[in-house]
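Subject: Structure handover

Hi,

Here is the structure I promised to pass on to you.

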Amino acid sequence: MWYRSASFILDKQEQQRNAAAESRPLSPASTAMAESPSANVSMYYQTRAAHHGVVSSDWLAQAQAAVAGNSDDAAAESNDSGGEEIGKRFSVVDEFNNWRKQPDLAEAVAAIRALASVIRSSQAKTMMELEIELKKASDSLKSWDTTSISLTAGCDLFMRYVTRTSALDREDFGSAKSRLLERAEKFGEISYKARRIIAMLSQDFIFDGCTILVHGFSRVVLEALRTAVENKKLFRVLCTEGRPDRSGLRVSNELAKLDIPVKLLIDSAVAYSMDEVDMVFVGADGVVESGGIINMMGTYQIALVAKAMNKPMYVAAESYKFARLYPLDQKDMVPALRPIDFGVPIPSQVEVETSARDYTPPQYLTLLFTDLGVLSPSVVSDELIQLYL
Amino acid sequence: MWYRSASFILDKQEQQRKDAAESRPLSPVSTAMTENPIANVSMYYQTRAAHHGVVTSDWLAQAQAAVAGNADDAAVEKNTSGGEGKGNKFSVVDEFNNWRKQPELAEAVAAIRALASVIRSSQAKTMMELEIELKKASDSLKSWDTTSISLTAGCDIFMRYVTRTSALDREDFGSAKSRLLERAEKFEEISYKARRIIAMLSQDFIFDGCTILVHGFSRVVLEALRTAAENKKLFRVLCTEGRPDRSGLRVSNELAKLDVPVKLLIDSAVAYSMDEVDMVLVGADGVVESGGIINMMGTYQIALVAKAMNKPMYVAAESYKFARLYPLDQKDMAPALRPIDFGVPIPSKVEVERSARDYTPPQYLTLLFTDLGVLTPSVVSDELIQLYL
C-alpha cells in the first residue's frame with residue numbers, strides 16, 4: 001500500500017526499537033549515558049537550544065519545558081552513575097558538552113577536544129591501552145548522540161589518526177602521547193581556518209548585485225557572507241523561515257547586523273521567489289560518499305526547485321564533515337527527530353513527520369566549497385578516500 | 001541588479017500606489033467603501049478569520065488585534081457613510097459579508113446573493129436602470145476586495161447573464177427582474193451541486209491504498225475525500241502545515257473526524273515525503289486562461305516537486321472560478337498580502353515576503369476536476385470562451 005519504498009523496513013525497525021526502548025526498564029548504571037532519555041528526540045536537538053543563541057526566551061522556555069522532565073532524569077542518572085562507572089566515560093560527554101557551549105565551535109572540534117582531554121587525563125602506560133581508552137570514549141560520544149554526522153565523522157577521523165600513529169611504534173610512549181595532543185589541537189586550528197578558507201573561496205562566486213537564497217543556520221555560510229560584506233560587495237539575501245527551528249530568523253538577525261538587505265520567506269515561498277535568486281547557498285550537516293549532502297529538512301526541496309529553474313546550488317562544508325555514508329533514499333539515514341510545535345493541539349490520531357534532516361542527491365548540487373578547495377560532487381569520493389586512507 | 005524580472009515594474013507601481021494611498025486623505029463619502037482600510041493587507045484575509053473556523057482563540061485574538069485599530073475605523077466610516085452614501089452601496093458589501101459568514105458558502109455564491117438582494121431592493125423602473133445599479137454594486141464589491149478571483153469571476157459571470165437578458169428586450173420589466181432573481185438562485189444551486197459533481201468525478205482517481213498529498217484548505221477537496229471515505233475507500237492523506245494560515249491543521253482536524261489516516265508535514269518536508277505520495281490534490285482560488293491555477297502560496301513549489309518525481313497533480317475547481325486572467329510570472333497578479341507571525345520580533349530592516357498566493361503554470365498540472373467534467377489544462381481556455389460568450 002503506502003509502504004512502497006524499501007525503507008518501510010527501516011520504519012518498522014524504528015518502531016520495534018521504540019517499542020523495545022519503552023518496555024525495557026532503565027537501569028541507571030549501564031544505560032544512563034548510552035541512551036538518550038527521550039527515545040525519539042535526538043539528543044542534539046534537546047541540548048541545542050541551550051548551546052546556540054535562541055531568539056526568544058519563551059521559545060526556549062517551551063523547549064526546556066518539553067525536555068525538562070527528561071533532562072532532570074538524565075542529570076539525576078548521570079550523577080548517580082558518575083561514581084559507579086569509570087570516571088572517564090562521564091567526563092567525555094560532559095567535556096564535550098562544555099566545549100559545545102561555545103557558540104563558534106564546531107561539533108567535531110568539540111569532540112576532538114573532548115578526546116584530547118581523555119588523552120591528557122589517561123593513566124595508560126602503553127599505546128595500545130591508550131587506544132582502547134580512546135575507542136571507548138569515542139564510542140560513548142557517538143552513542144550519546146547517534147544522529148550527529150559531524151560528531152561521528154570527527155571521532156572517526158581522529159581515531160584513524162591515532163591508529164596510524166600507534167602503528168609507527170618507533171618512539172616512546174610519552175612523545176607519542178604528546179604528538180596526539182598536538183594533533184588534536186592542530187585539528188582545532190584547522191577547523192577554524194577551514195571556515196576562513198571556505199569564506200575566501202566563495203568570494204569569487206558572490207558578485208555585485210546578486211541575490212542569494214539561504215536555508216538553515218550555518219556558521220560557515222555566515223562567515224562567507226560576512227567576508228563578502230567586508231569586501232564591500234553589494235548583494236541581498238533571501239532566507240527561508242526554517243520551520244520549526246526558526247533558523248531563518250537567526251540568520252536574518254545576524255545579517256541585519258551586517259547591514260545586508262534581507263528578506264524573510266516562509267518555506268512555501270521559495271518557488272515563488274526563485275526567479276529573483278541567483279544562487280542558493282547552504283551549509284551541510286554531513287557530506288556523503290555520493291557527493292550529496294545531509295542538511296536541514298527542506299534543503300532537498302529547495303534543490304529540486306533550483307534545478308527546475310536552473311539556479312546553481314552551492315554547499316559550504318568543512319572537510320571533517322565528509323562521512324562514510326551512502327543513503328539510498330530519504331529514509332535511509334539514522335533518524336533525527338525533533339518536536340514540532342504547531343501552536344495548537346493536534347488530534348491524537350494525526351501523525352506528524354518529525355524528521356529534522358533530508359538527503360540531497362549530488363545531481364542537484366553544483367559545487368561544494370570545502371577547505372580542500374572548490375569541489376564538484378563527483379570528486380568528493382576521491383577526497384574521502386584520501387582522508388580516510 | 002536584483003530587479004531582473006520584468007515584474008519589478010509592478011513592484012514599483014505597488015509602491016507608488018501605497019504612497020499615494022497613504023498621502024491621500026480619506027474622505028468618508030467617496031472612499032469609505034471603495035478602499036481597504038489597511039492598504040497593504042487584503043480585505044479577504046482581514047475578514048477571513050471571522051468567517052472561517054479558526055483553530056485557536058488566541059490566534060484569532062492576535063489577528064483581530066492586528067486588525068482592530070483599522071477595523072474600528074472602517075466600521076465607524078461605514079456607519080457615517082451609510083447615511084451619506086447610496087443605501088445600495090452600503091448594503092451590498094454588508095450583505096455580501098453576511099452571506100460569507102456561512103462556512104459552507106462559496107465566495108462567488110455569496111456575491112451573487114448580494115447582487116440578487118440588490119435587485120430585490122432596487123427602485124429601478126427600466127432594465128437599463130437596473131443594469132446600471134447592478135454594475136455599480138458589482139464594482140463596489142470587486143473593489144472592496146480586489147484580490148479575490150472567485151469574487152470577481154462570480155460578479156462578472158452574473159453581469160454577463162444580466163447583459164444578455166437585458167438584450168432580449170421583449171418582455172416586461174417585472175418578469176425580466178424575476179428571471180434574474182431566478183437565475184441568481186439557480187446559480188447557487190449550481191455551485192452547491194458543483195462540489196458534489198467534482199467529488200463524484202474524483203472518485204475514479206482515488207484508489208485503495210493510495211497516498212494523497214493535500215495543500216491548503218479547500219472545501220471541494222474535503223468533499224471529495226469525504227465522499228471517498230463514505231465509499232469505504234482506504235487511503236491516507238499527507239497534509240502540509242500551510243504556514244501561516246495553518247490550513248493543514250484544519251484539514252487534519254476534518255479528516256481525523258472521518259477516521260482517515262492523516263500525517264502532518266511541515267512545508268519543508270514535501271520533497272522528503274514525495275516518494276510515498278501517489279497524487280497531489282489541491283483546490284484553486286482561480287483558474288486562469290492558460291490553464292494554470294492561482295492558489296495558496298506553496299502550491300507552485302509542490303507542483304515543481306511533484307513534476308520532478310513524476311507524481312500527478314490534480315486540481316479541484318468549480319467552473320465559476322475560471323477567470324479572464326493570464327499571469328506571465330509570479331508577480332503578475334493583483335497582490336494579496338497577509339500578516340505573517342513569526343512568533344518573535346523581527347528587526348525592522350528585515351523585509352518579509354507576505355504574498356498569500358502563487359501561480360502554478362499549466363505544465364505542472366495533470367488534470368482539473370470541474371463541474372464541466374475532467375479537463376486537461378489545455379482545454380480550459382475553450383471552456384472559458386463558452387462560459388463568457
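In this predicted model, helix 6 of chain B and helix 7 of chain B cross in a right-handed way; a crossing gets that name if the near helix is turned clockwise from the far one by less than a right angle, and left-handed if anticlockwise. The two helices, residues 107-120 and 127-144, pack at about 145 degrees with their axes 10 Å apart. Axes here are lines fitted to C-alpha atoms, for helices over the stretch in contact, and angles run from 0 to 180 degrees between N-to-C directions. Helices (H or I, at least four residues) and strands (E, at least two) are DSSP runs, numbered from the N terminus.

On the helix 6 side of chain B, the contact (heavy atoms within 4.5 Å) is made by Ala111(B), Ala114(B), Leu115(B), Val118(B) and Ile119(B). Helix 7 of chain B brings Leu130(B), Glu133(B), Leu134(B), Ala137(B), Ser138(B) and Leu141(B). That gives 9 nonpolar residues, 1 polar and 1 charged, where Ala, Val, Leu, Ile, Met, Phe, Trp, Tyr, Cys and Pro count as nonpolar, Asp, Glu, Lys and Arg as charged, and the others, Gly among them, as polar.

A quick word on the ground rules. Residues are numbered from 1 along each chain as its sequence is written, and chains are lettered from A and ligands numbered from 1 in the order in which they are written. Because the model is predicted, local features need pLDDT of at least 70 and side-chain atom pairs count only at pLDDT 80 or more, while totals for chains, interfaces and linings use all residues; side-chain values use heavy atoms, with hydrogens and water left out.

Now over to chain A. The axes of helix 6 (residues 107-120) and helix 9 (residues 173-202) of chain A come within 9 Å and cross at roughly 165 degrees. Helix 6 of chain A passes helix 9 of chain A in a left-handed crossing. Among the residues in contact are Ile112(A) and Ala116(A) of helix 6 of chain A, and Leu180(A) and Gly188(A) of helix 9 of chain A.

Back in chain B, helix 10 (residues 219-230) and helix 11 (residues 247-257) have axes that come within 11 Å and cross at roughly 20 degrees, so helix 10 and helix 11 of chain B are roughly parallel. Leu222(B), Leu225(B) and Arg226(B) of helix 10 of chain B meet Val251(B), Glu254(B) and Leu255(B) of helix 11 of chain B.

A cis peptide bond joins Arg243(A) to Pro244(A), with omega near -10 degrees, and Pro244(A) is found in the loop between strand 2 (235-240) and helix 11 (247-257) of chain A. In chain B, the bond between Arg243(B) and Pro244(B) is cis, with omega about -15 degrees. Lys232(A) is not a glycine, yet has a positive phi of about 60 degrees.

Lastly, the rings. Lys331(A) lies over the face of Tyr272(B), 4.8 Å from the ring centre, and Lys331(B) lies over the face of Tyr272(A), at 4.8 Å. To count, NZ of Lys or CZ of Arg must be within 6 Å of the ring centre and within 35 degrees of the ring normal.

Cheers

Definitions and conventions:
Angles under 35 degrees count as roughly parallel, over 145 as roughly antiparallel, 65 to 115 as roughly perpendicular and the rest as oblique.
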